[in-house]
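Q: I am new to this structure and would like to go through it step by step. Could we look at it together?
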Amino acid sequence: MNTALFTVAQAQPSQVEYALQICEEMAASAQARGTGIARRNPVYIAQKMIEGKAVIALHLDGTWAGFCYIETWSHGNYVANSGLIVNPIFRNEGLAKEIKSKIFELSRTLYPTAKIFGLTTGFAVMKINSDLGYRPVPYSELTQDESFWKGCESCINFSILSSKEKKNCLCTALLWNPEEKQREAQQIEKQSTKHSNRLMRFRKRFSFLKLK
């Protein structure tokens, strides 16, 4: 991404003027791809900006370039980075990856103990999430909050989700679990410490060789 042309940052209340345009592009993009996406309301998107739970990308001339927002479920135990969209005139600039990285950072700051998840049919989004450390999971590992699944009712694939009792659909479920990541970090640290101790014993045992 050409950082001289765009700013990608936490959305501000003064930027609610972009809410309608964002929602219209979300709907148009979903229709063009022929994929299911729950329709968003401009008032809801504006509220996310006011609450500081969104990231917006703007071109240096003030043109809206991209957007994504945070939703919370199960009393804040689960967080979804939703509604990722890039203005068609600015696609292939690397904005999607930058926006996802920023919204992930914001989610970790606001909800450090929450599991971050997403549902998507897009390979590009799957790749970005994978790079951030998400892993594919069954729907059973996602929030079971009924209000989350209610949001899927406006999706064109809702009948598929319902027929499968919300166990799977066309979207791939991806999850970033902080507890899992902490265990991985501890395991890496443990292995590193073990290696360092082994090396120290080796150096001590063969110190007469004056190893450097």
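Q: Leaving aside its neighbours within four places in sequence, which residues is Leu95 in contact with?
A: Leu95 is in contact with Met1, Phe6, Val8, Ala57, Ala65, Val86 and Phe90. Contact means heavy atoms within 4.5 Å.

Q: What kind of model is this, and how are residues numbered?
A: It is a predicted model, in which local features need pLDDT of at least 70 and side-chain atom pairs count only at pLDDT 80 or more, while totals for chains, interfaces and linings use all residues. Residues are numbered from 1 along each chain as its sequence is written, and side-chain values use heavy atoms, with hydrogens and water left out.

Q: Which residues have the most contacts inside the largest nonpolar core?
A: They are Leu95 and Ile99, in a core of 21 residues. A nonpolar core is a set of buried Ala, Val, Leu, Ile, Met, Phe, Trp, Tyr and Cys residues joined through side-chain atoms within 4.5 Å. Buried means under 20% relative accessible area, exposed over 50%, and partly exposed in between (1.4 Å probe, protein chains only).

Q: Which elements each supply at least two residues of this core?
A: Strand 1 (6–10), strand 2 (54–59), strand 3 (64–73), strand 4 (78–86), helix 3 and strand 7 (172–176) do. Helix 3 gives the most, with five residues. Helices (H or I, at least four residues) and strands (E, at least two) are DSSP runs, numbered from the N terminus.

Q: Which residues are buried in helix 3?
A: Leu95, Ile99, Lys100, Ser101, Ile103, Phe104, Leu106 and Ser107 are buried there.

Q: How far apart are the end C-alpha atoms of helix 3?
A: They are 22 Å apart, which agrees with the 22 Å that its 16 residues (95–110) should span. The expected span is 1.5 Å times one less than the number of residues.

Q: Changing topic: how many salt bridges does the structure hold?
A: It holds eight. A salt bridge is a side-chain nitrogen of Lys or Arg within 4 Å of a carboxyl oxygen of Asp or Glu.

Q: Which residue forms a salt bridge with Arg91?
A: Glu25 does, the closest N and O atoms being 3.4 Å apart. Arg91 lies in the loop between strand 4 and helix 3 and Glu25 in helix 1 (residues 19–33), so the pair ties together parts that are 66 residues apart in sequence.

Q: Is Glu25 buried or exposed?
A: Glu25 is buried, at 16% relative accessible area, whereas Arg91 is partly exposed, at 35%.
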